[in-house]
Amino acid sequence: MADLSSDPRRWRDVDKLLARPGNIVGQDFEPSPTLREDIGEIARVLVVGAGGLGCELLKDLALSGFKNIDVIDMDTIEVSNLNRQFLFRLQDVGKSKAEVAAERVMKRVSGVNITPHFCRIEDKDLDFYNDFNIIVLGLDSIEARSYINSVACGFLEYDADDKPLLETIKPIVDGGTEGFKGHARVILPGRTPCFECNIWLFPPQVKFPLCTLAETPRTAAHCIEYAHLIKWGEVHHGKPFDPDDPEHMQWVYAEALKRAELFGITGVTYSLTQGVVKNIIPAIASTNAVISAACALETLKIVSGCSKTLSNYLTYNGMEGTHIKVTDFIRETDCLVCGPGTLIELDTSTTLLQFIRLLEEHPKLLLSKASVTYRGKNLYMQSPPILEEMTRSNLQFALLDLMDKVAKDTIHVSGMSGKNDKKTSCLRKLRVVFKGVADGITNMDTTDSS
Amino acid sequence: MTVAETKKTKYDRQLRIWGEQGQSALENANICLLNCGPTGSEALKNLVLGGIGSITVVDGSKVEIYDLGNNFLLDEDSLGQSKAKCVCSFLQELNDAVKAKFVEEAPEHLIEKNPSFFAEFTLVIATQLMETSLVKLDKICRQANVMLVVARSYGLTGMVRISMKEHTVIESKPDHFLDDLRLHHPWPELIEFAKTVDLSVTDPVIHKHTPYIVILINMADKWAKEHSGCLPSTRQEKKDFKDLIKAHMLSMDEENYKEALEASFKVSISRGISSELLQIINDTAVEVDSKSPDFWVLVAALKEFIENEGDGEPPLEGSIPDMTSSTESYITLQKIYQAKAESDCIKMEQRVKGILKRIGRDPDGISKAYVKSFCKNARKLSICRYRNIEDEFTSPCLPELQKCLNDEDYSFAVGFYILLRAVDRFAANYNRLPGIFDGGLNEEISRLKPIAVGILNELGLNGPTLSEDLITEMCRYGGAELHAVAAFVGGVASQEVIKLVTKQFVPLKGTFMFNGIDQKSQVLVL
Ligand SMILES: [Zn+2]
C-alpha cells in the first residue's frame, strides 16, 4: 500500500481551512494548498505534560497537521489516570507517560514524529526550549507553568524604545482543568499578559492554621492534616512521609480516624484522606477534551494565521449549562518576567559575587542561588559541579569587566525565588546599568523614574 | 489490587465529582450514537473512559482515506471497513467494562424505517445529522421518552443541544450558593443554645473560640430588643449592627469576630424562599396524579411543608461550614442543625406519604434516601424544559434572536446558528454542502446567501442581516469536520450526557453555539 501519510486526500478537511482564503483570518494568513505541508515540515511544537491534557493535545495536534512534536513529562502512568488519559492502558502502569503517549499517537497517525522526554522541565537547558516555534502547556501545577513562562519570556528581546522584537516572541498556549471547569489562554510574551502578569488568577491554596489542627479540630480534613502534618513527624522521627506509599497513607488514615473519634467528628474516609493529603484535583475526560481542543485549535491558528486568535483568556464552566467567557486581559508593563527587565543600578566596582548577594536582598527579586548568564556566556553557574568550578574564579571580578565594559545591558539570572517557606525555580531578566559610565546620558534621572 | 479496588482507583478522580451514585447511573446507561465521525467518536470516547454502561454505534459508511485525517479512532487498517465497526472496536479497547455494539446502517434510514429501534436507549447522541432527519428523530425520542443530545461540527463552528420534554435535577451542585444557616429566622433550639453562651466572657481563649453563628444570633437578639423586634435592614442599620459586633471584640485579630462581621448580612436576609423556588412550587406539574414523576410528588410535598410547618421556609439543609470555634461548640452546633434537618425531613416524609395515598400510590413508594436528598437540596432544585426542535425552527423566540443578532458578542454565534440551517437547505436543493469542491467558491457564496436570507425572512426578521464575511466563511469550510473542533464539540456533548444521565449539575438550557473564530461561544435560548 502506498504511503498514506503523504496522501493529500487524507487531509481534505484541514486543507479546506488552510488552502482557502477568508475574510475573518489572521493578519499574516497566506492560504495555499501547501500550507499544511509547510507547517508539518517547519513548525516545531513542544507539549509540556503528557497527562489528561497532554494526551488529548498530542492527538489533536497530530490530526491538525503538525508533524514535529516533542513532549516532556517526568511522571509515570498510574491507575487513577485511566479514566481520562486515553492513550494509556492498565498494562502501561509504571511506564513513562511521555514515552507511551508518543508511541501510541505515532502508531495511529502515520507521518507524525513525536519525541518524548522523560524528565523534569528544569532538566532541559534553554537551547532546548528555544528550538520550538510554540509551546503548549497541559499542566496541573502553578510552579511548572510559572517556570515555562519565565523560560519563554526570557527569549523575548526589546528594542531601544522598549518595544518587543516580534521575531523573539515565543508563543505559549496554556490549558488547565478542574472537574467541570477549565481555562485556555494564549500568551504572546511582550504583547499579551504572561502567566506572571495575571498570577492573581491562581490564588494560593488556603492552608489550615496549625493551632486549629492541634487544638480545635472541627472537620474530617482537620483530623487528616493533624495525622499527616503533626502526628507523623512525632512518631516517625526523621522518616519522610511518602504520599505514594499506601502503607503511609493507611497509617495517616488510621490516626485521623482515631482523632476524629476522640473529638466526635465524622466523615473521615480513606478516599478523603488521600484527597486532602495529596491535594487531589478532580478530573474528567470531557473537560480535558474540551480545553485541549481549544488549545490545539489556537496553536494551529497562531502558526497558520487561518483565523483570529483567542484574545486572550477563555474560561469554561460546565457545572451549570455550558458557559464560556473570553476575557481580554491587559499586560503588566512592569512585569518582572515579560517586561524589558528589572532595572538594577550598580557601581562600576561591583564584583560578580556582590551582584549575586544583591539579588538575594533585592525586594522585588528575592533570588537566591543565582547562576548568571551574559549574552549566552556563563559568568557563574551553581551547577553542575564542573561548571561551578570553571566559573568560580569569575566571582571576584568586577561585573563591568565581565560584561566587556558595556555600561548598560541585559543579564539573565536563574535561581530560586520566594521567601523561606516556598521557593521555586525561576529565571529573571535584568537590565544592568553602571553608574557614572552611562554613555552620555546622566544617570540622575534613572534613580526615581521607574 | 482486586478488580473492585482497581475500578475504584481508576475512577477515583471522577467519583470525587459525581460519587458512587452518579457512577452507577452511568454504568446503567445505554447510549446510542448516530454517525461516528470525529464529533461522535470523541463524544463517545469520553463516556467510555468514564465507564458508561452500554454503547451502540450506528453508521452506514465505510472508512475512507479522509477519515484518517480527522478521526483518531480509525487507522490505516480500517480503510474500506465499516466505520461503525472500527470505531466500536477501538472504544472497546479503551474500556473492557463497557458493552459495545455497532449497527452498520445509515441513521437517516433507521429514523425513516425503524423508529422503534431507539426506544431501548437511555439517551441518543445524534451527530452530523441534517435538519429533516433531526426533526423526525426528535419526535421519535420524545414519544419514547429517550433523551436526545445533538452535536454537530462544521468548519470552525458547531453546536450542541439537548432535546427532551423535561429534566429535573435535585443535586444541582451549584458552584456558589449561600449556606442555609437561618440566622434571619432561627428556630427555638438554636436560640436556646446561643443563649447559653456568654459573649462578655473575659477569658480571651474562650472569647475567640465562640462560633460566629452564636455571636450573630445573640447580637441579632440584642438588636431586635433595642429596635422593637426588627432586624437591621437599612444600610445605616447594617453598619450600626457591624459596629455593635465590633464593640464586643477583645482584640482586632479575633478570627471568629471577623467571620461574624463578614457574615453579618445573613441576619438581614428576608424570610421565605427564592423566586426560582417559588416558580417551581407554583408550577402546574405540582397538581400531581398517579402518573406524576416522583420529583413532582416531592415538590407537592415541599409546597405543603413551606405553607405549613416550614413557616415559609424550605426544609433545613442541615450542614454548616467550618468556622473558627472550639471543637465542642462546633460539634454541638452541627448536631443542632442536623437534628432540625432530620425533623424537617420526617415531616416531609409524612407529607409525601399523604400525597402518595391521595393519588392512589403505595405510600412507601418513594424511598427515604430520595426524600432526604430532596430535602437537603430543596433550595437548589432545577427544572429544564426543552421546546421540540421543529417548534424552535419554525417559531424561535424572535426578540431573543433579534437581540443576539444586534449584539456584537453574539453575532457570530447566532450567525452560525442561521447558517447551519442554511447549509442543510442548500444540501437539500443541490444535493451537496456548499463549498465541498475547490474552486467556484464565489458562486457558492452567492447561492448560499439567498437561502440564509430566506430563513431570516421566513422567521419574520427583515431588518438585521448576516455578515457577508460569515457566509464566506461557511463556504470556505465546505462541510469540513476539523478534528480539534470535533473534539471540542464532542467534549461538550459528552459533558452534557454525563449531567443528564447522573441527574447531577444543571444541563445546557438552549443551543450551545461553538464559535471557533474568536472562541466567544454562546448559548442561544430560542
Ligand atoms: Zn508578564
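The model is a predicted one, where local features need pLDDT of at least 70 and side-chain atom pairs count only at pLDDT 80 or more, while totals for chains, interfaces and linings use all residues. Residues are numbered from 1 along each chain as its sequence is written, chains are lettered from A in the order in which they are written, and side-chain values use heavy atoms, with hydrogens and water left out.

Let's start where the chains touch. On one side, 82 residues of chain A are in contact with 86 residues of chain B (contact means heavy atoms within 4.5 Å). About 7,100 Å² is buried between chain A and chain B, and carbon and sulfur atoms give 59% of that; buried area is the accessible area (1.4 Å probe) that two parts lose on being put together, summed over both. In chain A, the residues that lose the most area to chain B are A:R20, A:R108 and A:R218, together 12% of what that side buries.

What about charges? Nine salt bridges cross the interface of chain A and chain B, a salt bridge being a side-chain nitrogen of Lys or Arg within 4 Å of a carboxyl oxygen of Asp or Glu. Take A:E56 and B:K45: they form a salt bridge, with their closest N and O atoms 2.3 Å apart.
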